[in-house]
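Let's take a walk through a protein model together, one piece at a time. Keep the picture open while you read.

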Amino acid sequence: MPRTVPSSWLSGSAHSTDGPEHQVVNPATDEVVATMRLATAADVDVAMAQARAAQPAWGGLTPAERSGVLAELARRIEGATDELVADEVAQTGKTTRLATEFDVPGAVDTTAFFAGAARLLEGKATAEYSADHTSSIRREPVGVVGTVTPWNYPLGMAIWKVMPALAAGCAVMLKPAEITPLTSLTLARLATEAGVPDGVFGVLTGTGPEVGAAIAGHRAADVVTFTGSTAVGRQVMAAAAARGTRVQLELGGKAPFVVFADADLDAAVHGAVAGALINSGQDCTAATRAIVAPSLHDDFVAGVAELMAAVRVGDPTDPDTDMGPVVSHRHRDKIAGMVDRAAAAGARIVAGGVVPDGPGAFYPPTLIDGVDEQSEIYRDEVFGPVLTVSTFDGEDDALRRANDTDYGLAASAWTRDVFLAQRASREIHAGCVWINDHIPIISEMPHGGFGASGFGKDMSAYSLEEYLSIKHVMSDITGVAAKEWHRAVFTLPDR
Ligand code: NAD
């Protein structure tokens with residue numbers, strides 16, 4: 001029996017409005033998990049006014065006080081692991097194993113990290129950079145943050161946006177993807193229980209074109225942060241630009257996976273399958289384009305196909321299942337369409353590529369060889385369990401191919417040559433380059449892209465910059481009325 005969930009969590013409690021009726025569907029079973037009424041643009045006005053009113057007191061707390069609340073929130077997220085895992089699995093179809101070992105511990109760790117980072121507002125030393133003045137830097141919360149998140153890691157993406165904003169002293173209104181709102185609503189409840197003051201962090205469900213767009217263009221938003229597709233990110237940027245509002249965008253990716261001739265083939269095969277299939281391939285940093293030395297190509301393709309065949313696809317709640325469905329039938333249709341068009345254009349489907357019978361939005365691990373490098377399967381984001389393979393002709397060509405994309409979020413290079421590894425990490429145009437691995441992330445290090453993958457950072461102390469304004473305070477230390485520099489404006493006869 002589906003449960004009913006509220007449209008929003010605002011000012012410390014659940015709210016329901018008369019917005020459109022909506023069902024949250026489990027993509028593994030096609031069953032309705034929850035019903036709700038979505039929030040509306042009118043709710044955004046209420047939420048943003050609450051955030052505006054609540055932010056000064058939160059921003060006025062000491063870093064240690066904000067840190068204490070976030071540390072308590074980290075403990076409460078950990079304490080709610082079972083509830084969060086169950087909802088994350090039900091609304092996305094990701095495996096219980098992934099949610100238990102990756103999503104929720106990651107959410108706890110990132111929240112704990114920002115509890116610490118809240119106390120580390122670093123800047124230039126207060127000093128006399130001019131002989132007559134003392135200069136100091138204040139880092140002040142930007143104010144109210146409007147944020148919009150995607151469906152692939154609903155809890156994780158919310159945490160990445162919300163925690164640095166709260167640590168910096170901002171108030172945040174979050175709109176999760178409408179198909180996966182459950183864990184964001186729970187997060188807001190846990191935040192209230194942990195002591196985040198009413199109005200400082202709220203969640204509004206709602207559609208992108210209505211509620212997301214209303215947040216992006218809202219007069220009360222001092223910064224708009226967004227994680228999602230490049231196309232929608234540009235709409236968000238346009239809405240924010242109309243008001244001159246700051247934006248931070250974490251967008252799509254098309255990560256190259258470059259295997260040089262001296263690579264450990266076994267490691268590259270394992271890395272490719274894990275990197276391509278994590279979260280059913282619905283990961284913005286997922287390995288999507290294997291670019292492989294000709295001497296390794298055949299063994300690489302055979303090894304990846306063999307390992308993909310061993311991946312158990314099925315009920316995500318079964319601990320033996322390796323991969324669940326993709327997030328929806330609509331999304332599966334998009335993936336299948338791209339693979340089918342690649343096959344029709346002459347690419348070789350080595351593994352997968354066929355939609356299975358039965359309920360659920362399942363799509364098999366898919367390996368495609370011989371792709372045209374101008375084709376959509378090679379250039380556009382598939383966001384599913386699909387890896388293409390192509391070869392290169394020498395180091396320069398490998399790096400050229402890696403960079404032959406509008407995106408620049410993540411990449412990996414596989415080699416045992418330390419000098420080549422250094423050159424590859426310098427030459428590849430992406431916000432993250434892994435050497436001999438692909439996917440791991442850590443809270444201390446920044447995540448964010450170049451080019452069509454957006455700009456600005458999530459995670460790490462760098463992300464605090466998105467939520468802080470830097471103020472220079474310059475104080476005269478001479479007490480002299482007629483200062484030397486006034487001569488540039490006027491000269492008095494007796495001086
Ligand atoms: P999406 O762009 O379709 O939607 C993202 C969010 O934007 C959703 O909440 C949606 O409701 C909202 N939205 C839709 N139209 C809007 C509008 N006009 N104005 C404001 N908001 C609007 O993305 P998705 O399908 O939910 O997620 C998948 C995408 O997210 C992929 O492209 C993936 O690469 C990207 N992603 C990027 C990162 C990163 O860190 N770079 C992380 C995760 C996902």
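## Starting with one threonine

In which strand is Thr 388 found? Thr 388 belongs to strand 17, which covers residues 386–391. Before going further, keep in mind that this is a predicted model.

Is Thr 388 buried or exposed? Its relative accessibility is 2%, so Thr 388 counts as buried. Leaving out residues up to four places away in sequence, Thr 388 touches Thr 288, Arg 289, Ala 290, Ile 368, Val 371, Ile 377 and Tyr 378.

## Across to a tyrosine

Tyr 378, one of the residues touched by Thr 388, sits in helix 12 (residues 376–379). Tyr 378 has a relative accessible area of 2%, and buried means under 20%, so Tyr 378 is buried.

Which residues does Tyr 378 touch, if we skip those up to four places away in sequence? Among them are Lys 254, Arg 289, Asp 372, Glu 373, Ser 390 and Arg 401.

Strand 3 pairs with strand 2 (residues 8–10) in the antiparallel sense, over three bridges. In that pairing, Leu 10 has Ser 13 of strand 3 as its bridge partner.

## Zooming in on strand 8

Strand 8 runs parallel to strand 9 (residues 171–175), and five bridges join the two. Opposite Gly 146 you'll find Met 173 in strand 9. To get from strand 8 to strand 9, the chain passes through helix 5 (residues 154–168), and this β-α-β crossover is right-handed. Strand 8 also pairs with strand 11 (residues 223–227), in the parallel sense, over four bridges. There, Thr 147 stands opposite Thr 225.

## Salt bridges

How many salt bridges does a search of the whole structure find? The count is 26. One of them joins Arg 52 to Asp 222, with the closest N and O atoms 2.8 Å apart. Arg 52 lies in helix 1 (residues 41–60) and Asp 222 in the loop between helix 7 (208–216) and strand 11, so the pair ties together parts that are 170 residues apart in sequence. Both ends count as partly exposed: Arg 52 at 35% relative accessibility, and Asp 222 at 25%.

Another salt bridge joins the side chains of Lys 94 and Asp 103, at 2.6 Å from N to O. Here, Lys 94 and Asp 103 are both buried. Then there is Glu 140 with Lys 471, whose closest N and O atoms are 3.0 Å apart. This pair links distant parts of the chain, 331 residues apart: Glu 140 is in strand 7 (residues 133–141) and Lys 471 in strand 21 (residues 468–476). Lys 471 is partly exposed, with a relative accessible area of 38%. Finally, Glu 72, Arg 75, Arg 76, Glu 83, Arg 189 and Glu 193 are linked in a network of salt bridges.

## What the record says

An unreviewed UniProt entry carries the annotation "domain: Aldehyde dehydrogenase" for residues 20–473. Over residues 20–473, the chain is 41% helix and 20% strand, and the end C-alpha atoms are 49 Å apart.

Definitions and conventions. Residues are numbered from 1 along each chain as its sequence is written. This is a predicted model: local features need pLDDT of at least 70, side-chain atom pairs count only at pLDDT 80 or more; totals for chains, interfaces and linings use all residues. Side-chain values use heavy atoms; hydrogens and water are left out. Two strands pair if DSSP finds at least two bridges between them. A crossover is right-handed if, with the strands pointing away from the viewer, the path from the first strand over the helix to the second runs clockwise. UniProt positions are given in the numbering used here, feature names are shortened, and annotations may be inferred rather than shown by experiment. A salt bridge is a side-chain nitrogen of Lys or Arg within 4 Å of a carboxyl oxygen of Asp or Glu. Buried means under 20% relative accessible area, exposed over 50%, partly exposed in between (1.4 Å probe, protein chains only). Contact means heavy atoms within 4.5 Å.
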